[in-house]
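Here's a quick briefing to read with the model open beside you. Take it one topic at a time and find each residue as it comes up.

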Amino acid sequence: MGIGKKIRYLGRAALLWTVMANTSLAEQVTVFAASSLKETLEEITASFEAASGHSVTLSFAGSSALARQIEYGAPADLFVSASTDWMDHLEAQGRIKPQTRRNLVGNRLVLIGKAGTALQLTVSPDLDLRGALDGGRLAMALTEAVPAGIYGKAALQSLGLWDQVADAVAQTDNVRAAMALVALGATPLGIVYATDARADPAVATVGVFPEETHPAIRYPAAQLAASENAAAVALLDYLDSPAADEVFRRDGFILIGD
């Protein structure tokens, strides 16, 4: 953890542990979070619940779908997005508390195939991606709305590969649904986050996109403007703590400042 993050964490630690120690203040916290965070947030919030006595409800979907739900007044306390753009969108509408906003972690973008494949690809302008699909389709999250799909399309365009495969893309509502198509053998290849590929033994990473081919992948988190839940503030701080960092790092996320 970087020095700046240590200082910010220590500055909030007294409030965090005071709230966590007082189980008589137990509250329900509702979190809307990007699908790619599923297993990691489930583990982190379980530790938070055990230490604090608070109860956490996690709702996972594509960041775009969650942002739209928040726009229409869906009741939640925290939003953890896989895209700064969708958090910017909600901030511009006054839907989050800007002072609580922070970037938690980063990620990488990879090309996956079904587990057991011998295929290994160098992701570069020279890649014959259409040939690698061998008549099949490329699974991606929605390329105009879902962060993983937006990053994936940007990367393919940067490499000059988008026109090869634009008419062979199978788009899904979120990145985990795209990964499921590959895991089930419905598509030979897909574009997902590196952490998704690590989380599912039914798929294998066959190529890694150079970081410079797409915007930096960041996961911002913030408390919603409509939430006055003190336990939500404690959870947000816990997500930005050394204990959470350990889980994020183990699951393959990139800690900001590392």
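Start with helix H4 in this predicted model: its face turned away from the buried side carries the exposed residues Asp85 and Ala92.

**Helix H4**
- On the hidden side of H4, which spans residues 84-92, the buried residues are Trp86, Met87 and Leu90. Seen down the axis, these fall within an arc of 100°, so they line one face of the helix.
- After H4 comes Gly94, with a positive phi near 75°.

**Helix H8**
- H8 runs over residues 175-183, and its buried residues are Val175, Arg176, Ala178, Met179, Val182 and Ala183. They cover an arc of only 155° around the axis, which puts them on the same side of H8.
- Which residue caps the N-terminal end of H8? That's Asn174, with a side-chain oxygen 3.0 Å from the backbone nitrogen of Arg176.
- Just after H8, Gly185 has a positive phi of about 80°.

**The sheet**
- Trace the order S7-S6-S8-S5-S9 and you've walked across an open sheet of 5 strands with mixed pairing. At the edges sit strand S7 (169-172) and strand S9 (203-208), each pairing on one side only.
- On average, neighbouring strands of this sheet are turned by 35° against each other, ignoring direction.
- Strands S5 (residues 109-114) and S8 (residues 189-193) run antiparallel and are joined by 4 bridges. Val110 stands opposite Val192 in S8.
- Helix H6 packs on the sheet, where it touches S5, strand S6 (138-141) and S8. The direction of H6 makes about 125° with that of S6.

**A closer look at Thr187**
- You'll find Thr187 in the loop between H8 and S8.
- Is Thr187 buried or exposed? Its relative accessibility is 5%, and the cut-off for buried is under 20%, so Thr187 counts as buried.
- A polar atom of the Thr187 side chain lies 3.4 Å from the backbone oxygen of Leu189.
- Leaving out residues up to four places away in sequence, Thr187 touches Arg137, Ala139, Ala170, Leu181 and Val182. You've already met Val182, as one of the buried residues of H8.

**The nonpolar cores**
- The largest nonpolar core has 68 residues, and those with the most contacts inside it are Leu37, Leu138, Leu156, Tyr193, Phe209, Tyr219 and Phe248. Helix H10 (residues 230-239) supplies the largest share of this core, with 7 residues.
- Trp86 and Met87 bring you back to the buried residues of H4.

Key. Residues are numbered from 1 along each chain as its sequence is written. This is a predicted model: local features need pLDDT of at least 70, side-chain atom pairs count only at pLDDT 80 or more; totals for chains, interfaces and linings use all residues. Side-chain values use heavy atoms; hydrogens and water are left out. Buried means under 20% relative accessible area, exposed over 50%, partly exposed in between (1.4 Å probe, protein chains only). Helices (H or I, at least four residues) and strands (E, at least two) are DSSP runs, numbered from the N terminus. The arc is that of the directions from the helix axis to the C-beta atoms. A polar contact is a pair of N or O atoms within 3.5 Å; within protein, one must be able to donate a hydrogen and the other to accept it, and residues adjacent in sequence count only if both atoms are side-chain atoms. Two strands pair if DSSP finds at least two bridges between them. Axes are lines fitted to C-alpha atoms, for helices over the stretch in contact, and angles run from 0 to 180 degrees between N-to-C directions. Contact means heavy atoms within 4.5 Å. A nonpolar core is a set of buried Ala, Val, Leu, Ile, Met, Phe, Trp, Tyr and Cys residues joined through side-chain atoms within 4.5 Å.
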